[in-house]
Amino acid sequence: MKRALIIDDEPLARLIVREYLMDYPQIEVLQECGDGFEGVKAINQYQPDLIFLDVQMPKINGFEMLELVENPPSVIFATAFDEYAIKAFETHAVDYLLKPFSKERFGKAVDKFLSQSTPAQAQKIADDMLNSTVAASPAQHERIVVKTGTKVKIIPVQDVQYLEADDDYVSIHTQEGSFLKNKTMSFFEQTLDPRQFVRVHRSYILAVQQITRIDPYEKDAHIAILKSGAKIPVSKTGYVKLKGVLGI
């Protein structure tokens, strides 16, 4: 018996998935969830084998929800999300169902899951999917979702002062404090708007609007002084990129 969750903010969409699953007695629906936070809680509680997941939901979207799950299950997306996101994920998720989808198309997705669903295969798909979230959703450019203990915090990008490499994590510095995110500097360099954020050093990405002045340092290096008073090293290459963004 395979255990599943349906995570979608539209009651009708959840109903359709549940009805189509009646043809699959080997799949048990444990719970329906109306948003990403409910989804995270249900996944942690039930540890399902499969989730049917919408992308555009209130509070946090489907991609952000998956980032908050330590061991994500296999995923079948059921969404009306923009085509470019579907293309970005089509080789990593079990399948993508573009709403409205037929019962026949739904069946093909479920059959694909049942045919490949060994634990190792499911984990590989989940890992690949999470590593491919760059440019997956417009919300990735507008906010950063972090987990602090058992709580989830949503940081609007306009609140970010700078990002700093911290071993296997990135420390996101804001006026409220700093928060760790299990991502790479390269991920944020590719994801954040390059007109607003510049990687000025191997270990630092700056929010351009936070800079008050740039002082020369030793040799070809510089120091960026932020509104908070923080002093951030700027490499020779970083200074060239920063000048380009600032138009100087």
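A: Apart from residues up to four places away in sequence, D35 touches I7, M57, P58 and K59, where contact means heavy atoms within 4.5 Å. This is a predicted model, in which local features need pLDDT of at least 70 and side-chain atom pairs count only at pLDDT 80 or more, while totals for chains, interfaces and linings use all residues. Residues are numbered from 1 along each chain as its sequence is written, and side-chain values use heavy atoms, with hydrogens and water left out.

D35 is found in the loop between β2 (27–33) and α2 (36–46); helices (H or I, at least four residues) and strands (E, at least two) are DSSP runs, numbered from the N terminus. With a relative accessibility of 8%, D35 counts as buried, a word that stands for under 20% relative accessible area, with exposed meaning over 50% and partly exposed the range in between (1.4 Å probe, protein chains only). The side chain of D35 also reaches the backbone nitrogen of E38 at 2.9 Å. That is a polar contact, a pair of N or O atoms within 3.5 Å; within protein, one must be able to donate a hydrogen and the other to accept it, and residues adjacent in sequence count only if both atoms are side-chain atoms.

The whole structure holds eight aromatic pairs, counted when the ring centres of Phe, Tyr and Trp (its six-membered ring) lie within 6.5 Å, with planes under 30 degrees apart called stacked, over 60 edge-to-face and the rest tilted. One of them is the edge-to-face pair of Y20 and F101, 6.2 Å centre to centre with 65° between the planes. This pair links distant parts of the chain, since Y20 sits in helix α1 (residues 11–20) and F101 in the loop between β5 (95–98) and α5 (103–116), 81 residues apart. Y20 is buried at 18% relative accessible area, and F101 is buried as well, at 13%. Another edge-to-face pair joins F63 and F77, at 5.5 Å centre to centre and 65° between the planes. F63 belongs to helix α3 (residues 62–67) and F77 to strand β4 (residues 74–79), so this pair ties together parts that are 14 residues apart in sequence. Both F63 and F77 are buried. Y20 and F101 also belong to one aromatic cluster together with F52 and F106.

Five strands form an open sheet in the order β10-β9-β8-β12-β11, with antiparallel pairing, where two strands pair if DSSP finds at least two bridges between them. Its edge strands, each pairing on one side only, are β10 (177–181) and β11 (197–201). Six bridges connect β8 and β9 in the antiparallel sense, among them the one between D166 and its partner Y169 in β9. These two strands form a hairpin with two residues between them, and D167 in the turn has a positive phi of about 55°. Q161 is found in strand β8 (residues 160–166) and, at 12% relative accessibility, counts as buried.
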